[in-house]
Each structure stands twice: as C-alpha cells, then as structure tokens.
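Please look over the sequence and the model below before reading on. The briefing is meant to be read beside them, topic by topic.

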Amino acid sequence: MTAKLPTPAAAFRIGTRGSPLALAQAHETRARLSKAFGLAFDAFEIVVIKVTGDQILDKPLREIDGKGLFTREIEEALLAGDIDIAVHSTKDMPVAQPDGLVMETFLPREDVRDAFVSLKYKGLAEMPQGAVVGTSSTRRRAQLAAKFPHLEVVEFRGNVQTRLKKLADGVADATFLATAGLKRLGMDDVPYHPIAPEDMLPAIAQGAIGIERRLDDTNTAALLAAIHHAETGHRLMAERSLLAGLDGSCETPIGGLAEISDGQLRLRGEILNDDGSQVWTADETGPIDGAVQMGRDMAAKLLAQAGPGFFN
C-alpha cells in the first residue's frame with residue numbers, strides 16, 4: 001500500500017526513553033524515516049516518556065520486576081495513541097508484546113560485543129585478586145563468576161555517563177557497557193576494549209534497535225517497511241525465539257548471538273546459574289528461513305542439559 005506521509009501540521013510521534021542513548025536511537029530512526037521519504041525533520045516529533053527502570057536507581061533490577069522495566073510506560077502510551085511508534089533497545093524488550101502491539105521493524109544492527117571499560121586495566125585478564133567490577137547485569141555477573149572467580153562484583157547501575165563517573169570515583173575498578181551504545185553516542189574517548197563473543201557471549205538482541213507499532217496501524221506499517229533491515233530481522237528472529245523458549249527476561253543469565261554468513265545462519269546460546277558454577281552452551285548452523293525453529297530447538301536442548309526447574 002502507499003503510505004500517507006506525516007506533515008509538520010500532523011507530526012509523526014516517536015516515543016522513547018529519555019537517556020542519551022535512547023534519544024540517539026530515536027534520532028537515528030527519525031533520520032532514516034526522513035531520508036526514506038524525503039521529509040524534513042519537523043515532520044517527526046520525538047516524545048520522551050519516563051519508564052520505571054530509569055526512575056528507580058537504588059535497587060538491582062531483579063528486585064523490582066523481571067520484565068518490561070524499560071518498556072511498559074512507552075507501550076501504554078502507544079496503545080493510548082499518544083505516540084505513533086516506540087523505539088527500543090531490543091535487548092530490553094520482552095519477547096511477547098502486549099495485545100494490540102507488534103515489533104517487526106529493526107534497524108541495521110551495530111556492534112554486538114560487550115565492552116570492558118576501566119581507567120586502570122585493559123582487560124579482565126589483567127585484573128588482580130579482589131579487584132572490583134561493577135555491573136547490574138545478571139548475565140555479565142554470572143559469566144564473570146564462571147571465568148574470573150577471583151574478582152569481586154558490585155551492583156552498578158546508571159547510564160553511560162553515570163557509570164564512568166562511578167569509575168572515576170573509585171566505586172569499581174572496571175565495568176561493562178555495550179559497544180553499540182558507545183559507538184552510537186560517539187564516545188571514542190571512553191577507555192573501552194570490545195570483548196569477543198567467544199569470551200563473553202552478548203545479551204540476546206544486543207546492539208539492535210527495534211521499532212514497535214500498533215497492530216492495526218497499516219499506514220505506519222507501510223512507513224516502517226522502508227527502513228526495516230531484513231538481515232537484522234532474521235538474526236533477531238532466531239535469538240528472540242531462543243529467549244522465548246527459555247522463558248527468559250533481560251534479568252536472566254542468558255547469552256545468545258545469531259550471525260549470517262554464506263547464506264547460513266549460525267546461532268550460539270548460553271545459560272548460566274546465578275553464581276556461574278554451571279554453564280550450558282549450544283552452537284547450531286542452518287538455513288536462514290529456519291531461524292525461529294532453530295531458536296526453539298536450541299532452547300529445548302539447553303533446558304534438557306540444565307534439568308527441570310533451572311529458571312526457578
């Protein structure tokens with residue numbers, strides 16, 4: 001269908017969190033839509049919405065609520081018609097959208113790797129006994145415990161700027177950030193070192209921007225089709241299918257990464273218990289059109305290895 005284009009008089013509203021990274025992702029979405037349809041930026045309005053995960057900073061995320069901490073209020077605004085689309089870091093998204101919403105548009109994926117950030121050290125291998133690493137991620141915490149049990153781990157939350165200040169203040173000797181976020185923010189001055197997926201499998205959907213819309217909004221569907229990146233979509237179908245099969249959230253120790261090469265899709269998955277004492281991994285390659293089934297099969301394989309009640 002031919003999409004009805006937005007105009008400054010009836011601007012297309014893009015909902016987002018208010019963090020610097022979230023705003024950078026919303027601006028990238030606006031720029032891609034503007035270029036795709038030859039529209040001025042003022043045809044699009046960026047609407048900042050406060051979410052629970054950004055308002056409660058004195059508790060670990062796992063103690064607040066498992067799912068939707070960075071999405072719930074934005075999705076409520078989308079369902080209410082206060083915004084036309086919602087722009088998310090896909091790794092923060094539960095695999096199931098609320099009734100009436102769908103996320104099927106993804107922008108080209110950035111660097112998937114975790115970044116080691118420290119003012120003292122260049123990598124985890126350099127850190128001595130008792131050195132302190134700050135992270136709020138249960139995945140990273142478990143992966144650290146599995147491979148570097150001599151390090152101390154402390155809770156560490158906040159946006160990029162907040163975490164860098166905590167390092168400068170000596171709260172921790174090192175932390176982790178997503179390499180994609182540092183690149184999107186143009187933070188080349190940050191002392192970071194990307195970690196290979198072989199050494200630290202990233203969070204599912206890390207580095208990917210997802211765009212959510214109302215299911216019955218066919219005009220918006222036509223607009224978004226112009227900026228969807230098909231390869232990223234296939235990769236995330238596999239990863240999010242794996243996550244769905246594990247019934248996990250962004251606060252569960254799960255890693256996953258799908259890559260496409262020579263017409264084949266490779267999916268790697270990993271689940272850990274909280275203290276890193278047990279790690280189960282899987283690695284499969286198959287046709288791209290089998291992405292969803294590959295994710296389901298891998299989830300079943302990992303759960304069979306871990307045994308019943310693992311996520312309890």
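This is a predicted model: local features need pLDDT of at least 70, side-chain atom pairs count only at pLDDT 80 or more; totals for chains, interfaces and linings use all residues.

Residues are numbered from 1 along each chain as its sequence is written, and side-chain values use heavy atoms, with hydrogens and water left out. Helices (H or I, at least four residues) and strands (E, at least two) are DSSP runs, numbered from the N terminus.

**The sheet with β1 and β3**

- Five strands make up an open sheet of mixed pairing in the order β2-β1-β3-β10-β4, where two strands count as paired if DSSP finds at least two bridges between them.
- The edges of this sheet are β2 (44-48) and β4, each of which pairs on one side only, and the twist averages 30° from one strand to the next.
- Strand β1 (residues 12-16) pairs with strand β3 (residues 85-89) in the parallel sense over two bridges, and the bridge partner of G15 in β3 is A86.
- Helix α1 (residues 20-37) packs on the sheet and touches β1, β2, β3 and β10 (209-214), its direction making about 165° with that of β2; contact here means heavy atoms within 4.5 Å, and such angles run from 0 to 180 degrees between N-to-C directions, with axes fitted as lines to C-alpha atoms, for helices over the stretch in contact.

**The sheet with β5 and β8**

- Another open sheet with mixed pairing is formed by five strands in the order β7-β6-β8-β5-β9.
- Here β7 (152-154) and β9 (192-195) stand at the edges, each with a single partner strand, so one side of each is left without a neighbour in the sheet.
- The twist in this sheet averages 30° from one strand to the next.
- Strand β5 runs antiparallel to β9, to which it is joined by four bridges, and also antiparallel to β8, to which it is joined by five bridges.
- F116 has H193 as its bridge partner in β9 and stands opposite F176 in β8.
- Strands β6 and β8 pair in the parallel sense over two bridges, with V133 standing opposite A174 in β8.
- Four of the five residues of β8 are buried, so this strand is largely enclosed by the rest of the structure; buried means under 20% relative accessible area, exposed means over 50%, and partly exposed lies in between (1.4 Å probe, protein chains only).
- Helix α5 lies across β5 and β8 and runs at about 165° to β8.

**The helix pair α8 and α9**

- Helices α8 and α9 pack at an angle of about 35°, with their axes 7 Å apart.
- Residues H234, M237, A238, S241, L242, G245 and L246 in α8 meet A291, V292, G295, R296, M298, A299, L302 and L303 in α9.
- By class, this contact of α8 with α9 has 10 nonpolar, four polar and one charged residues, where Ala, Val, Leu, Ile, Met, Phe, Trp, Tyr, Cys and Pro count as nonpolar, Asp, Glu, Lys and Arg as charged, and the others, Gly among them, as polar.

**Salt bridges**

- The structure holds 20 salt bridges, a salt bridge being a side-chain nitrogen of Lys or Arg within 4 Å of a carboxyl oxygen of Asp or Glu.
- One of them joins the side chains of E239 and R109 (2.8 Å, N to O). E239 lies in helix α8 (residues 230-246) and R109 in the loop between β4 (101-106) and β5 (114-118), so this pair ties together parts that are 130 residues apart in sequence.
- E239 is buried at 0% relative accessibility, and R109 is buried as well, with a relative accessible area of 13%.
- A salt bridge also links the side chains of D173 and K120 (2.7 Å, N to O). D173 lies in the loop between α5 (160-168) and β8 (174-178) and K120 in the loop between β5 and β6 (132-134), so the pair ties together parts that are 53 residues apart in sequence.
- D173 is buried, with a relative accessible area of 14%, whereas K120 is exposed at 57%.
- In the salt bridge of E284 with K301, the closest N and O atoms are 3.1 Å apart. E284 lies in strand β13 (residues 279-287) and K301 in helix α9 (residues 291-306), so the pair ties together parts that are 17 residues apart in sequence.
- E284 counts as partly exposed at 31% relative accessibility, and K301 is partly exposed with a relative accessible area of 38%.
- Salt bridges that share partners join R13, D84, R214 and D217 into one network.
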